Amino acid sequence: AAIAFFPRGGTVAAAPVDQAAMADRQSEFIRYWESQPRMQLPVSADGASVVIVRFSDYQCPSCAQTYTDYKPVVARYNAQYPGAIRVVQKDFPLETECNTGLARDIHVASCEAAAASKAAHAKGSGEAMDDWLYANYQILTPASVRKAAAEVGGVADFDAQYKALINTVKGDIALATILGVKVTPTFFINGVKLEGALPVQYFELALQLELKKAGKSQ
């Protein structure tokens, strides 16, 4: 619903900014946000006031775009309020190799990409691996992911780990199924479910509202 109310706009963005209309949109979003139900997720806050659980697919264009758009926003707020925001990556690859609930493959290397990310995160090189995967989402193949797992993620035994990694990915998919995740990306911000790519200004506004609620900001 939030995506429908507050869509990304290509041509609209080029139009002169109407401050009154923008303020109305923000007020509308705040009303929308405060009216939303909150789901309980089995994810530790680890001391954070705002927990963002992101279900994504490394070959999904909107996942790549939101990763690029939202990452500096989260970094800025965590610099201002250290440890206040925690982002938890969960995988929902749109490929039947690991996501057997799909009717057909939408992507060809998203299971491998999810496994590569998990392997790299276990070695402390997850951010570099995620950056590479999202930067190259349009051209990923199983072979290119395996090569990047070694060269970018430093994972020398990817094939040996693969079965166990895929089982972990399937755990994410099982949780996504329980939570009713059907599209990528899907976010849960302190339990509020958002499907699709929310424009960055409203994503930031959601963080501001949650930080204020937690007493971190005015």
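Helix α4 supplies the largest share of the lining of the second largest pocket, 6 residues. Helices here are DSSP runs of H or I with at least four residues, strands are runs of E with at least two, and both are numbered from the N terminus. A pocket is found on a 1 Å grid over the protein atoms alone: it is an open set of points where a 1.4 Å probe fits, with protein on both sides within 12 Å along at least five of seven lines, and lining residues have an atom within 4 Å of a point.

This is a predicted model, in which local features need pLDDT of at least 70 and side-chain atom pairs count only at pLDDT 80 or more, while totals for chains, interfaces and linings use all residues. Residues are numbered from 1 along each chain as its sequence is written, and side-chain values use heavy atoms, leaving out hydrogens and water.

The second largest pocket holds about 510 Å³ of space. That volume is the space filled by probe spheres set on the points, which are joined across faces, edges and corners. The lining has 22 residues, and Arg54, Tyr67, Val87, Gln89 and Asp130 are the closest to the centre. At least two lining residues come from each of β1 (50-56), α4 (61-80), β2, α5 and α6 (126-135). By class, 10 lining residues are nonpolar, 4 polar and 8 charged. Here Ala, Val, Leu, Ile, Met, Phe, Trp, Tyr, Cys and Pro count as nonpolar, Asp, Glu, Lys and Arg as charged, and the others, Gly among them, as polar.

Now for α4 itself. This helix has 20 residues and spans 30 Å from its first C-alpha to its last, close to the expected 28 Å. The expected span is 1.5 Å times one less than the number of residues. A kink of about 30° lies at Tyr70, shortly before the proline Pro72. The bend is the angle between axes fitted to the seven residues ending at a residue and the seven starting there. The buried residues of α4 include Cys63, Tyr67 and Tyr70. Buried means under 20% relative accessible area, exposed over 50%, and partly exposed in between, with a 1.4 Å probe and protein chains only.

How many disulfides does a search of the whole structure find? There is 1. A disulfide is a pair of cysteine sulfur atoms within 2.5 Å. Cys98 and Cys111 form the bond, with their sulfur atoms 2.1 Å apart. Cys98 sits in the loop between β2 (85-91) and α5 (110-122), and Cys111 in helix α5, so the pair ties together parts that are 13 residues apart in sequence. The torsion about the S-S bond is about -90°, so the disulfide is left-handed.

| Residue | Relative accessibility | Class |
|---|---|---|
| Cys60 | 4% | buried |
| Cys63 | 1% | buried |
| Cys98 | 3% | buried |
| Cys111 | 0% | buried |

Some backbone details remain. Most residues other than glycine have a negative phi, and most peptide bonds are trans. Asp46 has a positive phi, near 50°. Asp46 lies in the loop between α3 (19-35) and β1, and is exposed at 64% relative accessibility. Asn190 also has a positive phi, of about 50°. Asn190 is in the loop between β3 and β4 (192-195), and is partly exposed at 21%. A cis peptide bond joins Thr184 and Pro185, with omega about -5°. Pro185 belongs to the loop between α8 (158-178) and β3 (186-189).
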